[in-house]
Structure formats: C-alpha cells, structure tokens
Amino acid sequence: MMRDLFWKLLEPEHPKAEAFCRKLMRNREEGDDLYQDALLLALRNFGSLKDHESFRPWLYRIIVNGYKSRFRRPWWRRHATLTPKLEETRSTGDPDGQLTARRWLERAFEGLTPEESTLVTLFELEEWNTAELARLYRISEGAVRARLFRSRRKMRQTIDRFISQNETSNRIKEADYALPRGETSSE
Amino acid sequence: MRCHEAKRLLNEGDINNRELVKHLNDCSDCAREAKAAGLIHRSLDSLRQQDQPTPTPFADIRARVESHPAANTRKESSRMAELTHKLTARKKLSFGLGLAMAALLFFTLVPFSYDRVVGYDLEISGIEPGNMINIDPVIMGMTGLGYDNISISTNYSSTETSVWITGLPHEKAAQEASAVFATLTGLEGKSEYTPKVEAVSGSLYAQVKENLFSVEITVSGETPEEMKASVEAQLESMGMTGGEAVVTQDGDQMQIEITIPGSDE
C-alpha cells in the first residue's frame with residue numbers, strides 16, 4: 001500500500017529528478033546510479049515521511065545528500081566515479097557549442113563545494129525558485145540568495161583564474177569562447 | 001562606478017548596464033571577471049536550451065528498484081554508524097556533547113595550583129620561665145595516642161618558655177597534644193594551632209576529591225543513639241572536631257543530618 005503511494009508520488013517527479021541526477025554527476029551512467037541509490041533509500045524510508053505534500057523536497061534532499069556523500073568517500077573511490085565526465089556530451093554530438101558550454105561549466109563548478117553545485121544546478125538549470133530551495137535546504141530565502149551570490153562569485157573567479165593562466169600560454173583557442181548566444185538569463 | 005559595485009551588477013546578471021560597460025572599458029580586472037561571467041551566462045543558457053535526454057521509462061525504473069535486494073531489506077548499520085548519523089542530524093546535541101566532553105576533560109585533566117592543609121603545628125607560649133621541661137613523657141603520651149611522627153622543640157628565655165609540637169596530622173591531634181602537655185608536665189600556657197599549608201598542582205577533580213570524606217553507617221541492628229555515636233566518632237577520627245550527627249526515625253524512614261563546624265553542610 002505504502003509502496004504504491006510512493007510510486008504514485010514519484011511518477012510526476014521522475015523525469016526531472018532523473019535529469020537532475022545526470023546533470024549533477026555530468027554523466028548519464030553515474031547520474032542513473034545516483035538516482036537509483038536515492039530511490040532505494042527513499043523507498044525504504046518512505047514510512048518516515050509524515051507529510052506527503054513534502055514528497056518533492058524530501059526526495060531531492062535524499063538525492064542531494066547522496067551526491068554529497070559521494071564526495072565524502074575516500075579519494076580512491078571518488079576518483080573512479082568522477083573521471084568520465086564528458087562521456088554523455090560526446091555521445092550526443094554538439095556542433096553548436098554545447099560541448100564548449102559544458103566544458104566551461106565544468107571548470108566553473110570545480111570551484112564549488114558539492115552543496116553549492118547542487119544549489120546552482122537546481123536554481124540555474126532546474127529552475128527552482130528561492131522559496132523551493134529554502135524548503136529543500138531548510139534555510140531562509142535570504143540564506144539561499146546569499147549562497148547563490150557566493151557560488152556565482154566563486155564560479156566567476158574560477159573561470160577568471162583559468163583564463164589568466166591559459167591565455168598567456170595560448171592554450172585557449174578562439175573557438176573555446178564560441179558559445180551559442182542564448183536569451184538573457186538570471187545569472 | 002567602483003569595482004565592488006561593478007561586481008555586484010555582474011553577480012546579478014545586469015551585464016548590459018551602461019555604467020557597468022563604461023567601467024569595464026577602464027578596469028581590466030573587472031573586464032576579465034565580466035568575460036568569465038559572460039562565459040558562464042552563455043554556457044548556462046546553452047544547456048537550458050539543450051534537449052533533455054529521454055528519461056528512463058517509469059515502469060522500467062520501478063521494476064529495477066523493486067527487484068533490487070536492498071529495496072526489501074533494511075540495511076543493517078553498526079551502532080557507531082547510527083550514533084554518528086543521529087549526531088550529524090542533531091547539531092545542537094552534538095554541540096552539547098562536545099561541550100560536555102570538553103568540560104569533563106578540563107575538570108579532570110587541566111592542572112591548577114592550590115593550597116592544601118597537610119598538618120598542624122602547636123605552639124604553647126607564655127609558660128612561666130625557669131622551668132626545665134622534660135619532653136619525653138609528652139612524646140610517649142602522644143605515641144600512645146597513635147601519633148608517631150611528632151617532634152617537640154623548646155625555647156627558654158628570661159621572660160617566658162615556649163614549646164612547639166610539629167608533625168600533628170589534624171586539628172584534633174593538636175588539641176590532644178595541648179591536653180597531653182598540660183597533664184604530663186603540669187605547665188600551662190597559651191595554645192595556638194597553625195595549619196601547615198603546601199602548594200600543590202592538581203585538576204579540579206583532584207581538588208574536589210580531596211575535600212570529600214565518607215562516613216560508614218550501619219543501619220541494621222543499631223539504635224539511633226548508637227548510629228549517632230558511630231558517626232561522630234568517625235568525624236572525630238578524621239579531625240573534624242565538634243562534628244554532630246542527628247539521627248531521627250519516623251516509622252520506616254530514617255534521617256541522618258551531619259553538621260560540621262566551619263562548613264555550611
């Protein structure tokens with residue numbers, strides 16, 4: 001009975017939650033592993049969820065915690081999961097610069113903690129608003145905005161450092177800046 | 001426009017602001033950061049517009065998870081893992097436990113210098129001059145009372161004779177020594193007890209422990225009067241002269257109140 005309810009509540013969330021895991025891990029296989037682990041944990045502990053209205057933030061909290069725990073693993077286990085980052089991008093093909101976009105974002109995310117990575121991914125790519133994020137992280141909206149501010153600054157500084165280090169040695173080509181021009185975003 | 005204002009606008013994504021553009025032409029640092037902001041901005045836009053990969057069919061993911069062995073068994077975790085999990089989840093509890101641990105370590109390990117009474121000296125002054133004092137009977141008398149390590153010295157002057165008895169373990173011994181001296185020599189003087197203090201180093205726990213004392217009380221087969229006498233005798237033997245025990249009995253209930261002079265207990 002409880003299991004049926006779990007699957008019923010998960011069904012509308014499934015596509016986005018799975019896509020979120022893939023984006024977090026920057027790799028389809030790793031993302032699917034993260035999603036499956038999160039679902040197993042969620043299914044086992046579904047009985048502890050009193051308010052079914054809170055299913056979505058509860059599920060995402062499990063995903064975010066699972067993602068963070070992967071970074072708490074010893075380095076030899078972590079290395080194995082984080083190396084094949086660009087695999088998915090290569091397989092999809094990306095003539096319009098999406099590969100380049102992914103590369104720049106990966107570099108920018110390198111400057112962030114796992115917590116900040118999940119926050120930026122949810123806000124910028126999954127279009128969660130600050131109220132939803134505040135509920136997920138159990139902090140105030142002001143604290144969410146402050147964390148986003150710090151995360152964006154860190155991302156800019158990481159890219160800035162990368163450009164400074166590599167432009168002088170001509171290791172960045174003009175094509176690396178050739179990103180598709182999109183609509184103005186909130187960044 | 002100053003750099004911090006420019007960076008705030010960059011952070012808010014207001015990259016087409018006129019003042020900002022003007023500032024970027026003049027400031028190479030901010031221009032570099034603006035370039036980085038632009039790259040991130042366009043990269044995010046690009047990924048937002050990218051087609052989402054096809055999700056795994058819901059029925060497939062359900063079947064996969066349901067058939068997984070871990071879906072049907074609760075993972076056994078060690079007690080330590082459970083404790084760690086609980087402490088991680090309850091930050092206030094972890095903080096409280098950490099604080100308690102720090103206080104316990106401070107209480108038991110950090111040494112402090114403090115004074116400790118290690119014995120008493122007795123000075124009997126104002127004895128009439130001209131009398132030679134035979135101290136041997138006094139030493140024998142005190143040894144008979146169980147005080148083996150005392151030493152006695154005398155000072156004769158033209159105006160008075162004084163006697164010092166040292167090595168007395170507690171105040172009661174000093175009182176007894178005064179009485180023994182008066183009885184066995186037949187001389188009288190003014191007795192003064194001086195505590196001998198030494199500075200020692202020890203933890204707060206050691207200090208508290210030194211000030212603790214225990215009294216054994218036999219309840220069965222003894223009348224309240226016998227219990228009172230037993231407690232007072234033990235207090236006396238520990239040097240707590242004047243200690244008083246009040247034993248009251250009300251049916252099955254028995255209450256013992258111990259009062260020691262010089263304390264609030």
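**Entry 1: the model**
I am working from a predicted model. I began with chain A and its helices.

**Entry 2: α3 against α4**
I looked up helix α3 of chain A, residues 28-44, and helix α4 of chain A, residues 55-71. Their axes come within 9 Å and cross at roughly 125 degrees. That angle makes α3(A) oblique to α4(A). I noted the crossing of this pair as right-handed. Next I listed the residues that make the contact. From α3(A) I have A:E30, A:D33, A:L34, A:D37, A:A38, A:L39, A:L41 and A:A42. From α4(A) I have A:W58, A:L59, A:I62, A:I63, A:G66, A:Y67 and A:R70. Sorted by class, the contact of α3(A) with α4(A) has ten nonpolar residues, one polar and four charged.

**Entry 3: α2 against α4**
How do the axes of α2(A) and α4(A) cross? I read an angle of roughly 20 degrees, with the axes coming within 11 Å. Angles under 35 degrees count as roughly parallel, and α2(A) and α4(A) are therefore roughly parallel to each other. The crossing of α2(A) and α4(A) is right-handed. On the α2(A) side I found A:K16, A:A17, A:F20, A:C21, A:L24 and A:M25. They meet A:L59, A:Y60, A:I63, A:V64, A:Y67 and A:R70 in α4(A). I count this contact by class as ten nonpolar, no polar and two charged residues.

I checked the lists for α4(A) side by side. A:L59, A:I63, A:Y67 and A:R70 are in the contact with α3(A). A:L59, A:I63, A:Y67 and A:R70 are also in the contact with α2(A).

**Entry 4**
I stayed with helix α2 of chain A, residues 14-25. A:E18 forms a salt bridge with A:R22. I note 3.5 Å between their closest N and O atoms. Both residues lie in α2(A), four residues apart, about one turn of the helix.

**Entry 5: α1 against α3**
I turned to helix α1 of chain A, residues 2-10. It packs on α3(A) at an angle of about 140 degrees, and the axes are 11 Å apart. That makes α1(A) oblique to α3(A). I recorded the crossing of α1(A) and α3(A) as right-handed. α1(A) brings A:R3, A:F6, A:W7 and A:L10 to the contact. α3(A) brings A:Y35, A:L39, A:A42 and A:L43. The classes in this contact of α1(A) with α3(A) are seven nonpolar, no polar and one charged.

**Entry 6: chain A against chain B**
How many residues does each chain give to the contact? I have 51 from chain A and 41 from chain B. The area buried between chain A and chain B is about 4600 Å². Carbon and sulfur atoms give 55% of that area. I then looked up charged pairs across the interface of chain A and chain B, and there are four salt bridges. I also looked up B:R62 and A:D4, whose side chains meet in a salt bridge at 3.2 Å, N to O. Over all chains, the structure holds 20 salt bridges.

Key. Residues numbered from 1 in each chain as written. Chains lettered and ligands numbered in written order. Predicted model: local features only at pLDDT ≥ 70, side-chain atom pairs only at ≥ 80, totals over all residues. Heavy atoms only, no water. Axes fitted to C-alpha atoms, helices over the stretch in contact; angles between N-to-C directions. Helix = DSSP H or I, 4+ residues; strand = E, 2+ residues; numbered from the N terminus. Parallel < 35°, antiparallel > 145°, perpendicular 65-115°, else oblique. Left-handed = near helix turned anticlockwise from the far one by under 90°. Contact = heavy atoms within 4.5 Å. Nonpolar A, V, L, I, M, F, W, Y, C, P; charged D, E, K, R; others polar. Buried area = accessible area lost by both parts, 1.4 Å probe.
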